[in-house]
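Visitor: Could you show me how to read an annotated site and a ligand shell in a model?
Guide: Gladly, let us take them one at a time.

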Amino acid sequence: FFYFSMSRVLDLEWISKVRVNTHSVLMRAQHIQGQKIPNKQWQAAWLLKAVTCIDLTTLNGDDTPSNVHRLCLKAIQPVQHDLLRKMNMHNKGVTTAAVCVYPSRVADAVMSLKAANSSLPVASVATGFPAGQTPLETRLKEVCMAVADGATEIDIVINRTLALQGQWEAMYDEICQFRRACGDAFMKTILAVGELGTFTNVYKASLVAMMAGSDFIKTSTGKEAVNATYPIAIVMVRAIRDYYLRTGFKVGFKPAGGIRTAQESLLWLTLIKEELGNDWLCPHLFRLGASSLLADIERQIYHHITGKYAAYHELPMA
Ligand SMILES: O=C[C@H](O)COP(=O)(O)O
């Protein structure tokens, strides 16, 4: 008991000792990218697995209740019924893992899902997404408001200023406060890795986020210049693995930002299987954050089933 109760605390000594070997990370990432993706006969099943791990996202200034409504309908029925029937998956309740929207759109998403009789979770970005450059008080309030509107998952952004200054204790304190504001909601912590400078910083920020009680660590907001890359993912999943080995806590991983093709989604599943094992290959521990990935996955599934490529109008998107 003592061992586990000590594990979600800040361990500055561990953080101070972190050194990441850039060469090894790049080699490992290259190896993963060169991996054979699953055999053709299994590909449709893997693509369907990827669908169930998607946080179907819209994070735009021009989001409205109606495009959020369409997004929700697509999340509930992400792959055409006919295609699922041909795979004998039509009554297996295939949906995406969640929908992900800005705080102001949470109520719309909750209403659309409720009207459709769906219990799909609504995730909301919060804490001054994407930059996180608003006062702590308003960042905390934003979390509380999204939860009050019905979000059951909150994607917070870390304070990059603190991370770049090596103020790990202050960063830990902020994330702990977000954790408390989330209440029972699942908390995913976005590191915005493209702004953290070094692999060592990415590893340290991953540890601090996990020590502060994050359920997931997430690469990016999708708004930075560099988002989910394989080398950065290797650093983060190694931190997840080390944290699990040391504390017994399984923390999830969410690559996000710029993931657009079915092929990439298969590579992400391969990376998780190789680095963290099959336990992590479920929506509880793995998500793909993406606004424009589902269309290509559905097209590839169509191709596997029919042998033809669908025209885009044949597979309407959210
Ligand atoms: O959290 C999810 C990201 O915003 C999605 O980024 P994306 O629009 O590049 O897919």
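The dialogue below goes through the annotated residues and then the ligand.

Guide: Please keep in mind that this is a predicted model.

Visitor: Let me begin with the record. Where does UniProt place the feature "active site"?
Guide: The unreviewed UniProt entry puts this feature at Lys218 and Lys254.

Visitor: Is Lys218 buried or exposed?
Guide: The idea is to count neighbours: a residue is called buried if 20 or more other C-beta atoms lie within 10 Å of its own. Lys218 has 29 such atoms within 10 Å, so Lys218 is buried. For Lys254 the count is 26, so Lys254 is buried too.

Visitor: Which strands hold these lysines?
Guide: Lys218 lies in strand β6, residues 216-218, and Lys254 in strand β7, residues 252-254.

Visitor: And what does Lys218 contact, beyond its neighbours within four places in sequence?
Guide: Its partners include Asp155, Lys188, Thr189 and Lys254. Leaving out residues up to four places away in sequence, Lys254 touches Lys188, Phe216, Lys218, Arg287 and Gly289.

Visitor: Now the ligand. How many residues surround the ligand?
Guide: There are 13, and the closest are Gly222, Ala256, Gly289, Ala290 and Ser291.

Visitor: How does the shell divide into nonpolar, polar and charged residues?
Guide: The shell around the ligand has five nonpolar residues, eight polar ones and no charged ones.

Technical notes. Residues numbered from 1 in each chain as written. Predicted model: local features only at pLDDT ≥ 70, side-chain atom pairs only at ≥ 80, totals over all residues. Near = placed C-beta within 6 Å. Nonpolar A, V, L, I, M, F, W, Y, C, P; charged D, E, K, R; others polar. UniProt positions renumbered as here; feature names shortened; annotations may be inferred. Helix = DSSP H or I, 4+ residues; strand = E, 2+ residues; numbered from the N terminus. Buried ≥ 20, exposed ≤ 12 C-beta atoms within 10 Å, placed from the backbone. Contact = placed C-beta atoms within 7 Å.
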